[in-house]
Amino acid sequence: MGKLPPSVRSPVQYGLTSLKKTAPFSPKPQIIPKKKPEVKSPHSQSQPPLITFTSPSLSEAKTLFTSLISSRKKTTPFDLRFYNTVLQSFSSVSTLQDAIFFLNHMVKTHPPFLPERSTYHVLLIQACKSAEESLSPVYQVLNLMNTNGFPPNTFSIDIAARTLCVSGHEDHAVELVKDLCSKNSPPDSNTYNFLVKHLSKNRSVSNMNAFVNDMKMKFGIKPDLVTYTIMIDNVCNKKNIREATRLLDVLSKEGYKPDSYVYNTIMKGYCMLSTGGEVLGVYKKMLDEGVKPDLVTYNTLIYGLSKSGMVQQAKKFLRVMAENGHVPDAVTYTSLMNGMSREGDAKGALSLLEEMELKGCEPNSCTYSTLLHGLCKARLLEDAVGLYGTMKQNGMKLEKGSYGTFVRALCRNGRVAEAYEVFDYAVDSKSLTDVAAYTTLESTLKWLKKAREQGLVV
């Protein structure tokens, strides 16, 4: 009750590069043969066995690699992926310096192996993970890459920035990117926006703004629409609507036209603060700017108005959204039911369920739970029992809050046997764990016993 519905939430998502975990320490290395893939044609080649190092010993690693290479000289040659995997396996348990020595050994003992950029990226990832006090390990690898004809490109910068951030070294990531910018190696927009997102989530607003301003003033790298959207989304999640509004003005001054996603994000922020009037103001501003509202816009608007006690205004938008080609869904109706129940109109919310179903919109567990909670709060127990029967018949699960409210309502009216039946259904349907359901039921029965002793219930 009162939480932002999932379809109203719309965070910007950018994936992170996956980083393999370090292998556990063990005194001896071992060869773990990799299963051969299915032979698809007579000309297909089987993959060589994969070496997995579990010891940081450089001498043992050299011996193992040399032994494997010698045994395979007259058979199928290895590909670059194999060498990179071997290097990654050893680097995950060794020091950076030993990993570099091991790479040199691989090249020296097996001339067919020619390291490429992806090979050095294995070392770069290790260096970024180990950059605790300074960026020295990172620069060591970058210099090595440059010496061997692979100066860092945008992909290298992206790997370094992401690995540093994921490893908890945000300050080093910012320092590295700025330094590379000064050497005419700027990040691409994906790396830049990743850093902005990471800083906005994990650092203060002033820290985030300082990075954006530095990149703009010192290196001419300006934020784009995606950047502003990321920033607005994150400050809204922190309920800092004043900053979101400022960023919206800056975005417009920079020549970007906010889209529905940006406006929806700001509306979502006002919903968190339960300020329905402000939500409506953002909607009107959208229309003034010629931005067409989408389904998320209307759902957010109706949710915000309903949550703020402006249910009558929220209802009007059922017609408005239909006129604009958007069919109300379960989120729309559930938001209205929530608002009506808050105002004490649980009967009206129940009637809205019939209207919803007549229009072909299927209620979900959240819809039923919202109604059940509202009916119990309004002490309309018979209606709640009837709704529960329908809910059970349709195989819907109870939500934890509504389940507890329903059980307490039954016990308060002396219908303990029915409360036990609800308890069984909650467990059988896996709505709640045995422990959670039992705890709720036990605390309710204790309350009932105490209330009877005090003459509060019959």
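Colleague: Which residues do ring pairs link into a cluster?

Modeller: In this predicted model, the cluster consists of Phe53, Phe65, Phe90 and Phe102, linked by ring pairs. The count of aromatic pairs in the model comes to 13.

Colleague: What makes Phe82 and Tyr83 an aromatic pair, and why is the pair called edge-to-face?

Modeller: The ring centres of Phe82 and Tyr83 are 5.5 Å apart, and the rule for a pair asks for centres within 6.5 Å. The planes stand at 70 degrees to each other, and an angle over 60 counts as edge-to-face.

Colleague: Why does Phe82 count as buried, and why does Tyr83?

Modeller: The limit for buried is under 20% relative accessible area. Phe82 has 6% relative accessibility, so Phe82 counts as buried. Tyr83 has a relative accessible area of 4%, and therefore Tyr83 is buried.

Colleague: Where is Ser335 placed, and why does Ser335 count as buried?

Modeller: Ser335 belongs to helix α16, which covers residues 330–342. Its relative accessibility is 4%, so Ser335 counts as buried. The C-alpha atom of Ser335 is 7.8 Å from that of Lys307, although 28 residues separate them along the chain.

Colleague: How do you know that the reach of helix α6 is close to the expected one?

Modeller: Helix α6 spans residues 154–166 and has 13 residues. From its first C-alpha to its last it reaches 18 Å, and 18 Å is also what is expected at 1.5 Å a residue.

Colleague: What makes α6 mostly covered, and what covers its buried residues?

Modeller: Of the 13 residues in α6, 10 are buried, among them Ile157, Ile159, Leu164 and Cys165. The elements covering them include α4 (117–129), α5 (136–147), α7 (170–182) and α8 (189–202). At the start of α6, a side-chain oxygen of Asn153 comes to within 3.1 Å of the backbone nitrogen of Phe155. Just after the helix, Gly168 has a positive phi of about 85 degrees.

Colleague: What does UniProt place at residues 224–258 and 259–293?

Modeller: The unreviewed UniProt entry places the feature "repeat: PPR" at several spans, including these two. Residues 224–258 are 74% helix and 0% strand, with end C-alpha atoms 11 Å apart. Residues 259–293 are also 74% helix and 0% strand, and their end C-alpha atoms lie 9 Å apart.

How values were computed: Residues are numbered from 1 along each chain as its sequence is written. This is a predicted model: local features need pLDDT of at least 70, side-chain atom pairs count only at pLDDT 80 or more; totals for chains, interfaces and linings use all residues. Side-chain values use heavy atoms; hydrogens and water are left out. UniProt positions are given in the numbering used here, feature names are shortened, and annotations may be inferred rather than shown by experiment. Helices (H or I, at least four residues) and strands (E, at least two) are DSSP runs, numbered from the N terminus. Buried means under 20% relative accessible area, exposed over 50%, partly exposed in between (1.4 Å probe, protein chains only). The expected span of a helix is 1.5 Å times one less than its number of residues. Contact means heavy atoms within 4.5 Å. A polar contact is a pair of N or O atoms within 3.5 Å; within protein, one must be able to donate a hydrogen and the other to accept it, and residues adjacent in sequence count only if both atoms are side-chain atoms. Rings of Phe, Tyr and Trp (its six-membered ring) pair if their centres lie within 6.5 Å; planes under 30 degrees apart count as stacked, over 60 as edge-to-face and the rest as tilted.
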